[in-house]
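Open your viewer and get ready to click through a few selections with me.

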Amino acid sequence: MAPKKLPTAGQESSATTVPPSWIDTHCHLDDQAFAADLVEVIQRARSAGVHWMICPGTSAASSQAVVQLAQSQPGLYAAVGIHPNAAFEASPLDWEQICRLARQPGVVAIGETGLDRYRDFTPWEVQLEFLHRHVRLAQDLELPVILHCREAEEELLTALHQAADRGPVRGVWHAFSADLEAAYEATELGLYISFAGSATYTNKKFELLREAVVCTPDDRLLLETDSPYLVPEPLRGKQQRNEPAHLLLVAQRVAELREQTMEHLSDITRSNAQRLFGLPPDAASEGPSSRPPRPEGAF
Ligand SMILES: [Zn+2]
């Protein structure tokens, strides 16, 4: 699919000469699904205006891979962590490696971590212990944390309240799929809310999610694809793999639901991502073509 042909919101001002640019705050570009054509995938993203991508690790090996990606590809940044579904097989050495990688250039967050009752590969106590470890590391390094949550909203919020007793909890609830009340409590804790392809789904069970899309404050809103997962409508069911260029389909639906222009949505989500992840200021104002190469050790 040619990303240039993606529909636009139709509400955009025709006076705008620079097309909106976007940050995909969660895509797994180290996934096997991209092994054969990653260069083309990144190129398609840039052509679609998605100039910056944050790639979270899911294991020690995956975290190492995303750090290498971030250090070799302009516009790519890494988060390091062990996914709750992978925590059951993580060794103490794996955790040591995460702590080392967390200090590498190009790393802008800790994660992804979280709680998952839907796929409970990892015993609950181990999931909780890993969640607290990640949040503590993030607090120690003053980095944001990237949170995954499936069917464990109350438990996640309880754990985060405990963490907040130790110090500020900065981070994002990624691929948010809970209800407005959970979104409200999360933003009160200081979290950002990131919406993915699920915000484009029309099933009844996503009605509560749409309420959260509408009501999340401008200054807490982020967008993501969660590639290669969560293919947005209207591609859902038609293709297996999601990719960062499809962020525009998520953005368009979110813009419609919030009754905002694509320019406004692009502006607020870019500056939110820049603020949360400490991206260089040019990541929120200029295209990558006008931007000098990122100096080594800038983070
Ligand atoms: Zn993820």
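**Stop one: a strand inside**

Select strand E7: 5 of its 5 residues are buried, so the strand is largely enclosed by the rest of the structure. Keep in mind that this is a predicted model.

Now show the side chains of E7. Which residues point one way, and which the other? Leu-191, Ile-193 and Phe-195 go one way, Tyr-192 and Ser-194 go the other way, and all are buried. In a regular strand, side chains alternate between the two faces of the sheet.

Look for Ser-194, opposite Leu-222 in E8.

Then bring in helix H6 (residues 180–189), which packs on the sheet and touches both E6 (171–173) and E7. The direction of H6 makes about 135 degrees with that of E7.

**Stop three: the whole sheet**

Zoom out to the open sheet of 8 strands, paired in parallel in the order E1-E2-E3-E4-E5-E6-E7-E8. At its edges stand E1 (22–24) and E8 (221–223); each has a single partner strand, so one side of each is left without a neighbour in the sheet. From one strand to the next, the twist averages 30 degrees.

**Stop four: the core**

Which residues touch the most other members of the largest nonpolar core? Select Cys-55, Ala-78, Ile-193 and Ala-251, out of the 89 residues in that core. Helix H8 (residues 247–258) gives the most to this core, with 7 residues. In soluble globular proteins, nonpolar side chains tend to be buried together.

Stay on Cys-55 for a moment. Leaving aside neighbours within four places in sequence, its contacts include Cys-27, His-28, Val-66, Leu-69 and Ala-78.

**Stop five: helix H9**

At 1.5 Å a residue, its 16 residues should span 22 Å, and the end C-alpha atoms are 22 Å apart, which agrees.

Colour the buried residues of H9: Met-262, Leu-265, Ser-266, Thr-269, Arg-270, Asn-272, Ala-273, Leu-276 and Phe-277. They cover an arc of only 165 degrees around the axis, which puts them on the same side of H9. Just after H9, click Gly-278, where phi is positive at about 65 degrees.

Notes
Residues are numbered from 1 along each chain as its sequence is written. This is a predicted model: local features need pLDDT of at least 70, side-chain atom pairs count only at pLDDT 80 or more; totals for chains, interfaces and linings use all residues. Two strands pair if DSSP finds at least two bridges between them. Helices (H or I, at least four residues) and strands (E, at least two) are DSSP runs, numbered from the N terminus. Axes are lines fitted to C-alpha atoms, for helices over the stretch in contact, and angles run from 0 to 180 degrees between N-to-C directions. Two residues are in contact if their C-beta atoms, placed from the backbone, lie within 7 Å. The expected span of a helix is 1.5 Å times one less than its number of residues. A residue is buried if 20 or more other C-beta atoms lie within 10 Å of its own, exposed if 12 or fewer, and partly exposed in between; C-beta atoms are placed from the backbone. The arc is that of the directions from the helix axis to the C-beta atoms. A nonpolar core is a set of buried Ala, Val, Leu, Ile, Met, Phe, Trp, Tyr and Cys residues joined through C-beta atoms within 7 Å.
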